[in-house]
Amino acid sequence: MTNNLLTRGQLERKLSQKIQALYRQNLEHQPSKVTCQFFAAKLAIIIEDSITNAEQILLEEGQKNLALKVRSNVNEAIQPKLKGLIEQIAQVTVVDFMSDANFSTGRTGTIAILNQTPIVSNPQSVPKSKT
């Protein structure tokens, strides 16, 4: 059975690629890079150049509050799709989800708390939770 499992690195890369495709398909926006990293039953996601054209235009026009509202609505709308993607690919349940964007750097950071550490073909490479 372990022959069909992905390694931790393969799972992280697959998630990164699928998240980038999710942004492209749903927001018509191409982040330059998506990085996923498992920490036991936690997943950190960094999305580079995550600010959409609409948000950028609002920022350039001095409408930061409106851009923040747009970002909040985008995060709220994409969150169920992102959670579903994580659950489907990693075969775990997302029990908590936090996300925030930084307009200064253009990055979005997301942390997903999982019900368990994903099962991978090299389990020694995923640190065990100390709880």
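Reader: What makes the largest cavity, with its volume of about 50 Å³, a cavity?

Author: On a 1 Å grid over the protein atoms alone, a cavity is a set of points where a 1.4 Å probe fits but cannot get out, and the space filled by probe spheres set on such points, joined across faces, edges and corners, is the volume, which for the largest cavity is about 50 Å³. The structure holds one cavity of 30 Å³ or more. This is a predicted model, in which local features need pLDDT of at least 70 and side-chain atom pairs count only at pLDDT 80 or more, while totals for chains, interfaces and linings use all residues. Residues are numbered from 1 along each chain as its sequence is written, and side-chain values use heavy atoms, with hydrogens and water left out.

Reader: Which residues line the largest cavity, and how do they divide by class?

Author: Lining residues have an atom within 4 Å of a point, and for the largest cavity they are Y23, I47, N75, I78, Q79, L82, F97, S99, T108 and T110. Counting Ala, Val, Leu, Ile, Met, Phe, Trp, Tyr, Cys and Pro as nonpolar, Asp, Glu, Lys and Arg as charged, and the others, Gly among them, as polar, this lining has five nonpolar, five polar and no charged residues. Helix 3 gives the largest share, four residues, where helices (H or I, at least four residues) are DSSP runs numbered from the N terminus.

Reader: What makes the 24 residues a nonpolar core?

Author: Such a core is a set of buried Ala, Val, Leu, Ile, Met, Phe, Trp, Tyr and Cys residues joined through side-chain atoms within 4.5 Å, buried meaning under 20% relative accessible area with a 1.4 Å probe and protein chains only. The largest has 24 residues, and those with the most contacts inside it are I19, L43, I45, I86 and L114. Helix 3 gives the most to this core, with six residues. A second, separate core of five residues includes L58, A67, A101 and F103.

Definitions and conventions:
1 Å grid on protein atoms, 1.4 Å probe; cavity = no way out; pocket = protein on both sides within 12 Å on 5 of 7 lines; lining within 4 Å. Helix = DSSP H or I, 4+ residues; strand = E, 2+ residues; numbered from the N terminus. Buried < 20%, exposed > 50% of the residue type's maximum accessible area, 1.4 Å probe, protein only.
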